[in-house]
Amino acid sequence: MTIELFFQLLPQTLVNGLTLGAVYALIALGYSMVYGILKLLNFAHGDIYMIGAYLGYGVFIMFFVDDTALIPTGLIIVLMLVVAMVGAGIVSVAVERFAYRPLRYAPRIAPLISALGVSFILQNLTQITVSPRPLSYGSGTLIATGNSFAIGDLKVHASRFLVIGVTLILMFALTYFVTQTRLGRAMRAVSMDLDAAQMMGVDVNQVILVTFFIGAALAGAGGVLVGIVFFSIKHTMGFQAGLKGFTAAVIGGIGSIPGAALGGLLLGLAESFFSVYVSITFKDALAFVLLLIILLIRPSGLLGQPIVKKV
Amino acid sequence: MTDPTNNPIPPDDDEEKKSKIGTDEWVSQVDDRVRGRSGVLGRLVALWEAIPESWRYTGVLLLVIAFPVISGTDAFLELFDIGDNAFILRTGVRFLTFAILAIGLNVVVGYAGLLDLGYIAFMGIAGYLYAYMSSEFVQIEGLIPYGLAIPSIVSIPLIVLIVAGIGYLIGSVSIRLAGDYLAIVTLGFGQVFIQLALTATRVSVPGFDRPVDLTRGPNGINNLDDITLFGYTFESTMQYYYLFLLLLIIVFVVVNNINRSRIGRAWRAVREDELAAEVMGTPTRRMKLLAFAIGAGIAALAGAVDAAFQGNVVPNPRYSVLTLINLYAMVVLGGTGSLIGSIVGAFIFTILPELLRNIAAAGVLFYGVGIIGLYAALRPWRRFALVMGGTLVGGLLLKLIVPAINPAWDNGFPEAGSVLNQIVQGWLVIPENFQLVGNIVTGLAIFFLLAAMFLRQRQHLFHVLLGLAIYSFAFSWETRLAVEPSATRILVVGATLVVLMVARPQGLLGKTEVKII
Amino acid sequence: MLHITNLNKAFGGLQVIHNLDIQVGRQEIVSVIGPNGAGKSTTLNLITGIYKPDSGDIRFEGESILGMQPHDITKLGIARTFQTLRVFLNMSVIENVMTGAYCHTNSGLFSTIFRMPGWRQEEEKIRQMAEEKLSFFGSRLQGYRYDQPAYSLSYANRRRLEIARAMMTDAKLLLLDEPAAGMNPHESAEITDLIGQLRDEGYTILLIEHDMNVVGKISDRVAVLDYGQKIAEGSYEEVTTNERVIEAYLGRRHEELG
Ligand SMILES: Nc1ncnc2c1ncn2[C@@H]1O[C@H](COP(=O)(O)OP(=O)(O)OP(=O)(O)O)[C@@H](O)[C@H]1O
Ligand SMILES: [Mg+2]
């Protein structure tokens with residue numbers, strides 16, 4: 001690759017990486033928050049993201065009849081996000097209530113298997129009740145193809161701004177919630193020591209439900225955004241995305257909220273650069289190689305707390 | 001015994017009079033008491049346990065040995081009606097393969113307590129190695145002009161050793177990471193493997209001018225040779241059935257022997273309390289690596305022979321996470337740490353989905369399990385009768401009223417597999433566009449069920465919601481689920497997992513674990 | 001037999017062990033006492049290799065055991081019990097004890113898989129030895145108890161089980177962390193006798209204990225720790241009348257009042 005080509009591809013690669021990273025970060029946050037509190041690897045989280053994508057699509061087809069919008073596009077996008085976030089949140093809370101809570105004191109592996117079961121159910125239920133084929137937004141339907149902004153020579157499509165902007169807003173909201181509100185502080189207390197927090201009068205069940213809801217809402221938003229950027233969604237999309245989100249969470253330091261954001265961003269950028277400059281076929285393997293390297297250097301992730309061994 | 005003052009346990013006859021609740025002995029017998037109580041199932045278990053152990057094993061073994069003969073009879077084929085004898089035998093081989101794999105996974109997860117999510121890759125590596133080593137015609141363009149054709153008797157033990165070595169290496173990299181990190185790193189390893197298998201079709205190898213196709217991508221490598229041992233070639237499904245059965249027995253005995261020795265004790269100690277085990281003189285790291293290597297070796301054995309049996313290696317879905325999840329389900333369902341449990345788990349997860357292939361049988365199973373589940377959840381039986389009766393009558397009322405308002409709302413005719421389906425469909429109100437309605441009702445059914453579980457305290461509401469759930473589930477089954485067998489099968493597997501874990505987190509044959517913090 | 005010299009350990013900024021020297025001679029019972037948080041358990045964790053000291057040396061029978069893996073240290077002949085009780089709850093009583101034999105048995109994978117005669121003999125030997133160790137505590141850990149899960153045992157019995165497990169490693173030096181904690185006076189008197197008996201059988205014992213009745217009755221020597229420093233050492237009588245020791249136990253009271 002010549003130097004010119006390298007620089008020519010650089011801005012686009014960067015933008016793609018940021019977009020991808022934003023979505024990974026949104027998924028990673030839910031993984032990380034739930035793990036921080038329950039030490040549970042919520043393998044159904046990727047499918048919650050998928051549910052969010054489908055709910056968003058449902059709103060889309062309700063307001064888009066014959067390629068024409070019934071109400072302003074901006075409003076549709078907001079509605080899509082709200083419905084997806086609330087819906088994904090409710091599904092996730094139901095999952096917690098019925099599939100995880102009864103297993104809170106069971107052997108570690110039991111909730112894991114239960115989570116896998118939930119993942120099977122969500123995926124195949126979607127396949128049966130909606131469609132086994134991918135659903136398409138149709139390129140340019142929601143946000144016109146030409147709707148892009150020029151930064152110097154680079155043209156960036158509006159949808160990319162949407163993804164990055166929405167992600168930033170959600171992250172600020174989350175940070176505010178966790179640091180400034182009573183419930184947010186309770187959440188941090190529970191993630192430090194569940195039993196102690198319980199004894200100090202924190203309603204642990206409530207905190208856990210809220211955690212699941214917020215994590216799922218973020219993932220749901222991620223699902224909608226992915227649909228808008230890549231024009232198409234599928235009932236199996238949760239699996240790979242879930243793995244990536246999980247990887248991002250671990251890279252950043254699982255249990256750490258800023259870590260999840262950082263991990264997502266890093267992973268997105270790394271994948272984007274790798275697939276442009278090195279090899280697109282090994283793109284998916286990259287995530288895990290990266291993960292392995294980071295874990296071997298920093299066993300608790302980039303921003304994670306080191307594990308203290310107390311005897 | 002020698003010093004009477006040292007003996008705080010009073011003689012037996014004294015003990016009878018005192019309340020035993022809370023004493024050491026009482027606590028230790030909780031399991032037995034729980035089992036003794038549980039009604040019909042308890043009695044069945046008791047009956048089963050009344051048979052001497054050796055008889056039990058011999059009986060089951062004889063049945064398994066005779067199975068290929070039994071399954072060939074017309075009576076059997078008619079009874080189950082899921083395919084011809086070849087198909088049934090293939091399912092049998094599948095079961096045996098998975099039983100071996102599950103035992104290997106059990107060593108890693110159940111004995112040593114390591115969450116290895118890259119396990120399936122060991123099976124895959126063995127498959128590819130078999131393809132490279134033991135096939136005459138398989139060639140890797142540019143790299144190997146024609147297959148190496150190493151005799152199976154040499155290649156298979158070699159593959160097992162190589163893969164066990166790889167397992168050891170992977171283990172030593174990842175074991176430094178605690179608990180769940182091990183899971184994610186091994187998962188990553190599995191992913192890297194399958195990605196390579198799918199994409200390593202144009203790899204530049206030093207010394208070759210053209211890129212080399214190592215795996216043939218998603219299509220995999222075909223035309224693998226059969227296994228030949230001492231001049232005897234395994235060709236038919238039946239021959240492989242017995243080969244796998246023999247391997248299962250060998251693996252079972254080997255693992256069982258290891259488990260009942262100092263190594264097995266060390267594994268259990270590590271799983272219980274790694275630090276205490278280490279301080280009591282167990283080399284915990286070495287024990288974990290040993291478990292990793294043995295697990296990998298067993299997976300390799302199954303993987304190599306399976307590749308020979310199938311005659312090909314195709315990466316997806318055979319070596320994918322989906323298969324891994326299935327394996328985990330088998331091990332956990334059977335009970336981690338229980339060898340027989342792994343076999344039972346493998347049986348349930350390989351045979352049950354095949355039985356569901358037959359729509360009529362699946363229907364019977366669906367309604368049967370549903371009714372038994374309801375009966376168990378709604379004891380005393382009067383409540384059960386109330387809910388079932390209420391739902392039946394409610395449904396009939398709908399059947400009377402709805403068509404009277406608009407006949408178009410009740411003239412849908414989904415496919416009916418059996419008399420049972422016809423009866424149920426006669427009872428339900430099924431509109432013309434039942435596909436679309438069925439989708440919505442499926443969602444509603446789950447909603448009703450969850451709402452019912454959530455509002456269990458409010459008796460009347462609970463019964464009403466349950467009735468609604470029953471009606472919508474029946475509707476959903478008749479209009480949607482039974483029509484989409486492939487997705488429904490996985491759906492049922494998923495639901496089984498969740499329900500079983502919630503009801504019995506330790507698995508069917510596992511022991512309740514006590515953790516005191 | 002055990003020589004600890006100039007040992008230091010800090011957690012973060014907290015100096016938990018400070019220039020500690022302790023010697024234990026063959027067949028001696030040395031007790032370490034001190035207020036809560038004085039660093040007694042940490043000392044045991046340093047000896048057994050669970051923590052790595054910041055500086056100083058630990059020698060066992062003349063050989064430095066610094067930097068060795070815990071299981072290798074056990075193999076040399078040092079075994080311990082835990083203050084917080086770490087029996088293998090879901091294993092049977094006899095199996096708990098049998099795990100202690102790992103470091104001095106050597107049946108390999110091959111002889112295990114094929115159940116060679118060597119393996120059979122060794123297993124029998126381990127079982128016998130385990131029963132023998134358990135018989136040390138009278139009949140309460142014998143007979144039907146062998147096959148019961150350890151979680152069914154009472155607190156005191158779990159303490160006994162831990163001692164049996166430690167003895168099973170063929171150790172010469174036993175480190176006992178509060179063996180009488182949670183026992184009633186009758187039981188702790190009994191465990192005191194047993195510890196004395198252990199010494200008579202040839203074991204060397206480093207004992208951590210809060211119960212002064214236990215310490216006073218069997219200790220050859222007593223070392224007192226406070227804030228990680230040894231503030232006194234000597235016979236039980238010497239130590240209990242020592243100004244600084246009394247101050248260490250009661251001193252904070254004075255400060256609070258003053
Ligand atoms: N892993 C660790 N990290 C940080 N601090 C530790 C750690 N282990 C022990 N400590 C601290 O070191 C100090 C000494 O602890 P240690 O357990 O040795 O006390 P102890 O003398 O055994 O007390 P007790 O009589 O209560 O058992 C305590 O303040 C404790 O909080
Ligand atoms: Mg202590």
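The sections below cover the basis of the model, a sheet, a metal site and confidence.

## Basis of the model

This is a predicted model, in which local features need pLDDT of at least 70, side-chain atom pairs count only at pLDDT 80 or more, and totals for chains, interfaces and linings use all residues. Residues are numbered from 1 along each chain as its sequence is written, chains are lettered from A and ligands numbered from 1 in the order in which they are written, and side-chain values use heavy atoms, without hydrogens and water.

## Sheet of chain C

In chain C, 4 strands make up an open, antiparallel sheet, ordered β2-β1-β4-β5. Strands (E, at least two residues) and helices (H or I, at least four) are DSSP runs numbered from the N terminus; two strands pair if DSSP finds at least two bridges between them.

Strand β1 (residues 2-11) of chain C is joined to β2(C) by 7 bridges; L2(C) has V24(C) as its bridge partner in β2(C). Helix α1 (residues 40-47) of chain C packs on the sheet and touches β1, β2 and β4 (55-60) of chain C, contact meaning heavy atoms within 4.5 Å. The direction of helix α1 makes about 115° with that of β1(C); axes are lines fitted to C-alpha atoms, for helices over the stretch in contact, and angles run from 0 to 180 degrees between N-to-C directions.

## Magnesium site

S41(C) (OG) and Q83(C) (OE1) coordinate the magnesium ion (ligand 2) at 1.9 to 2.1 Å. Donors are N, O and S atoms within 2.8 Å of the metal (3.2 Å for Na, K and Ca); water is not among the atoms, so sites may look incomplete. The two residues are 42 residues apart, S41(C) in helix α1 and Q83(C) in the loop between β6 (78-80) and α3 (93-99) of chain C.

Q83(C) counts as partly exposed because its relative accessibility is 30%, between the limits for buried (under 20%) and exposed (over 50%), with a 1.4 Å probe and protein chains only.

## Confidence in chain A

Chain A has an average pLDDT of 87, and 97% of its residues score at least 70; pLDDT is the predictor's confidence in each residue, from 0 to 100. Within chain A, helix α2 (residues 45-63) has the highest confidence, at 94, and strand β4 (residues 148-151) the lowest, at a mean of 76.
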